[in-house]
Amino acid sequence: MSLKILLVEDHLINQKMAAALLKKLGFSVDLAKNGEEAVVLHKANKYDGILMDIQMPIMDGFEATKIIRESDNETPIIALSGNPDSDFSTRIEELGMNGYLKKPIDVALLTSTLKSSISAYM
């Protein structure tokens with residue numbers, strides 16, 4: 001049985017590239033186009049990890065993470081951002097995120113981050 005990842009990403013090309021990488025690494029992938037969809041999917045499904053874009057329409061990744069963390073402190077959430085600002089690391093730590101990856105995503109860094117964040121992926 002493959003591990004299940006929720007990929008939260010609003011940009012179509014980034015969605016396709018990240019989903020293909022995750023599938024190549026052996027993950028099953030569900031896709032949300034914004035934070036609001038991520039919250040709904042998280043409530044309906046069990047995920048082994050969440051890759052959360054930060055800058056999205058409707059609901060950003062910080063707000064979605066805050067809502068998810070109200071009921072779930074176990075599922076690893078890894079932030080994705082192309083332009084992390086100076087407060088970025090502080091905010092992801094305060095929200096209980098498990099790390100972050102800068103976009104565009106580096107395959108080796110994605111693999112090592114997933115291995116360190118998702119204990120079942122060893």
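## Strands β4 and β5 and the sheet they belong to

In this predicted model, strands β4 and β5 pair in the parallel sense over 3 bridges, and within that pairing Ala-79 stands opposite Tyr-100 in β5. Both strands belong to an open sheet of 5 strands, whose order is β2-β1-β3-β4-β5 and whose pairing is parallel. The edges of this sheet are formed by β2 and β5, each of which pairs on one side only, and neighbouring strands are turned by 20 degrees against each other on average when direction is ignored.

As background for reading this arrangement, strands of a sheet pair through backbone hydrogen bonds, and they may do so either in parallel or in antiparallel fashion.

Strand β3 covers residues 49–53, and because 5 of its 5 residues are buried, the strand is largely enclosed by the rest of the structure. Gly-49, Leu-51 and Asp-53 point one way from β3, while Ile-50 and Met-52 point the other way, and all of these residues are buried.

The strand has a partner on either side in the order of the sheet, β1 and β4. With β1 (residues 4–8) it runs parallel, joined by 4 bridges; here Leu-7 stands opposite Leu-51, and the bridge partner of Ile-5 in β3 is Gly-49. With β4 (residues 77–81) it also runs parallel, again joined by 4 bridges, and in this pairing Ile-50 stands opposite Ile-77 in β4.

Strand β1 is mostly covered, with 4 of its 5 residues buried. On the side of β2 (residues 28–32), 5 bridges join β1 to that strand, and the two run parallel; Leu-7 stands opposite Leu-31 in β2. The chain crosses from β1 to β2 through helix α1 (residues 12–24), and this β-α-β crossover is right-handed.

Leu-6, which has its place in strand β1, counts as buried at 0% relative accessibility, a value that falls under the 20% limit for burial. When neighbours within four places in sequence are left aside, the residues in contact with Leu-6 include Asp-30, Leu-31 and Ala-32, as well as Ala-38, Leu-41, His-42 and Tyr-47, together with Gly-49, Ile-50 and Leu-51. Leu-6 and Ile-77 are 71 residues apart in sequence, whereas their C-alpha atoms are 9.3 Å apart in space.

Helix α3 lies across β3 and β4, running at about 150 degrees to β3.

## A cluster of aromatic rings

A pair of aromatic rings is described by the distance of the centres and the angle of the planes. The count in this structure comes to 2 aromatic pairs. One of them is formed by Phe-62 and Phe-88, a tilted pair with 6.0 Å from centre to centre and 55 degrees between the planes. Phe-62 lies in helix α3 and Phe-88 in helix α4 (residues 88–94), so this pair ties together parts that are 26 residues apart in sequence. Phe-62 counts as buried at 8% relative accessibility, and Phe-88 likewise counts as buried, at 4%.

The other pair joins Phe-88 to Tyr-100 and is edge-to-face, with 4.8 Å from centre to centre and 80 degrees between the planes. This pair links distant parts of the chain, with Phe-88 in helix α4 and Tyr-100 in strand β5 (residues 100–102), 12 residues apart. Tyr-100 is partly exposed, with a relative accessible area of 34%. Through these ring pairs, Phe-62, Phe-88 and Tyr-100 are linked into a cluster, and the charged end of Arg-91 sits over the ring of Phe-62, 3.9 Å from the centre of that ring.

Methods: Residues are numbered from 1 along each chain as its sequence is written. This is a predicted model: local features need pLDDT of at least 70, side-chain atom pairs count only at pLDDT 80 or more; totals for chains, interfaces and linings use all residues. Side-chain values use heavy atoms; hydrogens and water are left out. Buried means under 20% relative accessible area, exposed over 50%, partly exposed in between (1.4 Å probe, protein chains only). Two strands pair if DSSP finds at least two bridges between them. A crossover is right-handed if, with the strands pointing away from the viewer, the path from the first strand over the helix to the second runs clockwise. Rings of Phe, Tyr and Trp (its six-membered ring) pair if their centres lie within 6.5 Å; planes under 30 degrees apart count as stacked, over 60 as edge-to-face and the rest as tilted. A charge sits over a ring if NZ of Lys or CZ of Arg is within 6 Å of the ring centre and within 35 degrees of the ring normal. Contact means heavy atoms within 4.5 Å. Axes are lines fitted to C-alpha atoms, for helices over the stretch in contact, and angles run from 0 to 180 degrees between N-to-C directions.
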